[in-house]
Amino acid sequence: MQRLRWLVFVAALLFVWATAVAQEGNYLEWNADGSVTLITFEDEERITIPADQIGTMFGPGQQPFAGKRIAITVNNGGPKGGISGPLYRLRPAWEELTGAELDIVEMPLAEQLPATINDLRLGLNQFDGFIEGAWYMGEYVTPGFIIPIDDYMADPGFPQWDPNWLPPSLREIYMWEGKWYATPNDSDGQVLYWRNDILSNPEWQAAYEAEVGEPMPFPVKTWDDVIAIARFFDGKNWDDNDPDPDSGVVMHFRVNEQGMFHYMTMSAPFVVRGGDTVNRCTNNYWFDPATMEPLINSPGHVRALEKLVELSQYGPDAQVGWDLGTTWDWFLRGKSIFVFSWGDVGSLVQDTTRSQIKGKLGASIVPGSNEVYNMCTNAWETLAEPNVVGNTTGGSWQGVVSARSPNPDVVYSLYALMATEPVSLWNVNRGWTGVDPGWSIHFLPPDGTASLEGYLEAGWNESDLKFYLQAYRDNFFADTMLPYLRINGAEEYWRALDQNLSEAMIGRLAPQEALDRTAVAWDEITNRRGRDDQLKQFQESIGYTP
Amino acid sequence: MTRNSRLKNLFLAPAALWVLAFTVYPLLYSLRLAFYRVNIGQSDVFIGFENFARAFSDGNAINSAVVTLIFVGGGVIIQLSLGILFALLFNRELPFRGLLRTIMTLPLFATPIAVGFLFFTIFYEEGGLINGLLPFKVPWLSDPSWALFSVMLVDIWQWTPFVFLVTLAALQGIPNEYYEAASLETSNAMTQFRFITLPLLQPTIILVLVLRIAEAFKVFDIPFTLTAGGPGASTQVFSMFAYRTSRRFFDFGYGSALAYLLLVAVLIVVLFFFNRIRQTYQ
């Protein structure tokens with residue numbers, strides 16, 4: 001009996017050992033041509049990286065970072081969530097490739113910046129890197145909390161990605177004073193989505209003309225067109241998914257979340273004038289670059305907020321308290337004609353477990369305005385063609401390396417692997433990864449080098465996809481872009497705006513008053529953080545030369 | 001020092017160190033911060049009482065204080081009234097009294113963060129659990145007044161059982177002989193309640209009031225998850241404002257001053273009621 005027990009015990013030990021050995025080496029295969037195939041966690045999908053892209057320091061039997069361990073923070077989404085999901089999927093393969101170990105530290109969106117700043121400020125140094133939102137950059141760079149990555153980028157030892165894939169609009173948000181600080185990953189920008197099956201339906205177009213007295217302004221060119229169409233459809237049951245009336249538009253204005261991004265996207269064409277220079281009235285939006293005077297309550301901004309308040313009337317009343325996910329669900333359930341939001345919407349529409357509108361999607365760069373306010377002459381300019389402004393609104397979640405990390409090279413090797421063409425395409429094709437398209441390798445020829453098959457195999461509807469990619473291509477390569485606010489305190493400036501926007505949305509403040517209060521709050525923030533420092537950062541961030 | 005007292009000190013040292021490290025030091029450190037302008041990456045600048053003065057001219061701080069006072073005043077009074085009413089009801093013979101009492105106390109054991117998220121779905125305005133049953137839409141979270149009421153409602157739902165439990169225990173501690181003796185003079189239940197039950201409950205009620213007021217002043221989790229302080233700033237309570245100032249905007253000096261102002265306000269209220277308890281006992 002005693003002997004039998006021993007045999008069972010030894011057999012169990014052998015089984016555990018054999019399982020462990022079998023697990024090792026399950027996520028990486030070196031091929032005869034020197035390429036390497038990464039096998040994703042759980043899904044067991046295969047991503048092959050050519051020999052010239054994997055980096056010269058890696059190879060069969062070589063694990064240059066063996067025994068090292070790094071911790072990376074990321075928004076909490078879990079193993080199948082946006083932005084965090086790809087880390088989980090590729091962790092085993094990266095660990096086999098490098099020999100290092102990766103701890104994924106998930107944090108709520110609202111907590112990531114405070115938690116990491118506290119960690120750095122107090123010198124705890126628990127984290128080696130952060131998957132940050134672009135607006136964190138000023139908070140991290142100015143106190144020297146993160147390091148530039150130019151040397152690593154030039155090193156052929158690391159996985160290879162090409163900065164030239166990125167349009168200038170995106171490239172800027174990864175850099176600070178001419179140096180690269182972030183490794184690209186996600187590309188955020190808001191585009192306009194609509195129900196193409198409804199708006200292109202001749203019967204609805206005729207009904208619109210009969211009721212309004214003029215043809216439906218579709219495809220939309222201006223925000224006034226969006227408002228007119230939303231007004232017509234709001235309250236009608238134009239979708240037969242349920243017996244209830246549907247909306248013209250849907251937005252999210254729950255405070256302290258992401259409602260202010262709607263305002264930024266919509267207001268840009270009323271405020272930002274294109275041109276070759278950067279000054280108060282050209283390629284500018286937030287502050288006077290000579291004085292740091294807030295421009296948020298200038299007439300262009302006020303007009304835009306008036307339009308936004310008007311547009312919001314054609315959405316559900318409850319949207320004042322809604323967050324991003326609730327708003328997306330409303331659109332995916334077929335309850336709204338329009339939504340203007342991030343690239344996630346396009347890929348979520350393809351997920352038929354959540355979406356009832358696959359194959360019914362239209363998308364374009366956000367519309368423009370026929371009038372733009374000139375902040376030098378203090379006068380409105382009327383244009384023959386609408387002023388259309390692209391945006392990089394959002395986080396464009398990107399990897400940065402902590403200056404306190406003892407293993408910055410290990411951290412960069414992870415980010416670089418995620419930025420390689422095969423891995424980035426794998427992410428963008430699937431969409432659920434939260435990694436949205438923006439680089440030339442994501443777009444179809446002639447704009448880019450991606451293949452239609454890659455997207456179709458991942459489950460995309462071809463019509464939806466073509467609208468989607470064209471919208472993003474037009475957005476990121478637009479002639480005029482909304483400048484991104486990346487200075488120290490960007491979060492605080494935005495929160496002041498966000499709260500006053502919410503007050504305007506519920507009617508407690510008129511648009512002018514809401515923005516006047518925002519301007520006062522911004523001045524106070526600027527003064528407290530040091531006007532000279534803030535001005536210098538702002539000038540550098542938008543490329544202004546005094 | 002004798003060997004015995006050295007040994008005592010040795011045993012006390014870990015506890016003393018714990019209190020010094022995790023209570024006294026943070027308190028003193030945040031007190032210091034309250035007198036400085038603190039910007040990350042820059043040296044701290046001593047500014048005296050400027051952070052405290054700023055709170056009295058800051059519209060957001062004043063609004064948060066008003067919201068908190070409404071929340072505390074409205075919520076605690078309703079919790080107290082309902083809790084006492086339920087305790088009186090459950091102090092008599094009822095069918096399934098044990099089961100009902102258990103059900104009554106369940107909200108007390110739920111995590112406030114989870115409760116906030118739960119009610120976020122219950123209050124969903126487009127066909128949520130409540131509005132789906134009503135013939136009209138109640139703007140639970142999208143109207144400023146309703147939103148504050150919703151936050152109070154959830155707090156009342158969660159904390160009324162606490163008042164109920166403590167009051168019920170106090171009621172059951174009142175000797176029956178008092179009522180038997182009183183019944184020789186009067187059979188009027190209201191008179192007995194007024195002259196026997198209420199005076200004997202008074203210390204318990206004041207204690208519960210103090211505990212609930214102190215907790216309600218510090219409320220954070222329910223409004224944080226349910227409304228995030230909105231719409232606008234209609235449900236931004238003081239502790240949430242202090243948290244955001246410090247943790248999201250890294251204005252540690254002003255945030256610390258706000259936290260100390262809240263501490264002082266709670267202390268004043270607590271001392272006032274403790275004084276009442278002392279007078280009652282005397």
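A residue counts as buried if 20 or more other C-beta atoms lie within 10 Å of its own, and as exposed if 12 or fewer do. Keep in mind that this is a predicted model.

**Two residues with positive phi**

- A:Asn256 isn't a glycine, yet its phi is positive, at about 60 degrees.
- You'll find A:Asn256 in the loop between strand 11 (247-249) and helix 11 of chain A.
- A:Glu42 is another non-glycine residue with a positive phi, near 65 degrees.
- Look for A:Glu42 in the loop between strand 2 (36-39) and strand 3 (46-49) of chain A.
- Is A:Glu42 buried or exposed? A:Glu42 is exposed, because it has 10 other C-beta atoms within 10 Å.

**The sheet with strand 11**

- In chain A, 4 strands make an open sheet with mixed pairing, in the order 11-12-10-13.
- Strand 11 and strand 13 (361-365) of chain A sit at the edges, each pairing on one side only.
- From one strand to the next, the twist averages 20 degrees.
- Strand 11 and strand 12 (residues 336-341) of chain A run parallel and are joined by 2 bridges.
- Across from A:Ser247 is A:Ser336, in strand 12 of chain A.

**Helix 11 against helix 19**

- Two packed helices are described by the angle between their axes and the distance between the axes.
- Helix 11 (residues 259-271) and helix 19 (residues 490-505), both of chain A, pack at about 90 degrees, and their axes are 8 Å apart.
- Angles of 65 to 115 degrees count as roughly perpendicular, so that is the word for helix 11 and helix 19 of chain A.
- On the helix 11 side of chain A, the contact uses A:Gly259, A:Met260 and A:Tyr263; they meet residues of helix 19 of chain A including A:Trp494, A:Leu497 and A:Leu501.
- By class, the residues of this contact between helix 11 and helix 19 of chain A are 5 nonpolar, 2 polar and 1 charged.

**Domains of chain A**

- Where they touch, 15 residues of domain 1 of chain A are in contact with 17 residues of domain 2 of chain A.
- Helix 4 (109-121), helix 5 (137-141) and helix 7 (168-174) of chain A each give two or more residues to the domain 1 side.
- That domain 1 side of chain A has 8 nonpolar, 5 polar and 2 charged residues.

**Where chain A meets chain B**

- Between the chains, 26 residues of chain A are in contact with 22 residues of chain B.
- On the chain A side, helix 4, helix 19 and helix 20 (511-529) each supply at least two residues.
- Which helix of chain A gives the largest share? Helix 19 of chain A does, with 7 residues.
- The chain A side divides into 9 nonpolar, 6 polar and 11 charged residues.

**Cis peptide bonds**

- A:Phe218 and A:Pro219 are joined by a cis peptide bond, with omega about 0 degrees.
- A:Pro219 lies in the loop between helix 9 (202-212) and helix 10 (223-233) of chain A.
- In chain B, a cis peptide bond links B:Gly230 and B:Pro231, with omega about 0 degrees.
- B:Pro231 is in the loop between helix 9 (221-226) and helix 10 (238-248) of chain B.

Key:
Residues are numbered from 1 along each chain as its sequence is written. Chains are lettered from A and ligands numbered from 1 in the order in which they are written. This is a predicted model: local features need pLDDT of at least 70, side-chain atom pairs count only at pLDDT 80 or more; totals for chains, interfaces and linings use all residues. Axes are lines fitted to C-alpha atoms, for helices over the stretch in contact, and angles run from 0 to 180 degrees between N-to-C directions. Angles under 35 degrees count as roughly parallel, over 145 as roughly antiparallel, 65 to 115 as roughly perpendicular and the rest as oblique. Two residues are in contact if their C-beta atoms, placed from the backbone, lie within 7 Å. Ala, Val, Leu, Ile, Met, Phe, Trp, Tyr, Cys and Pro count as nonpolar, Asp, Glu, Lys and Arg as charged, and the others, Gly among them, as polar. Two strands pair if DSSP finds at least two bridges between them.
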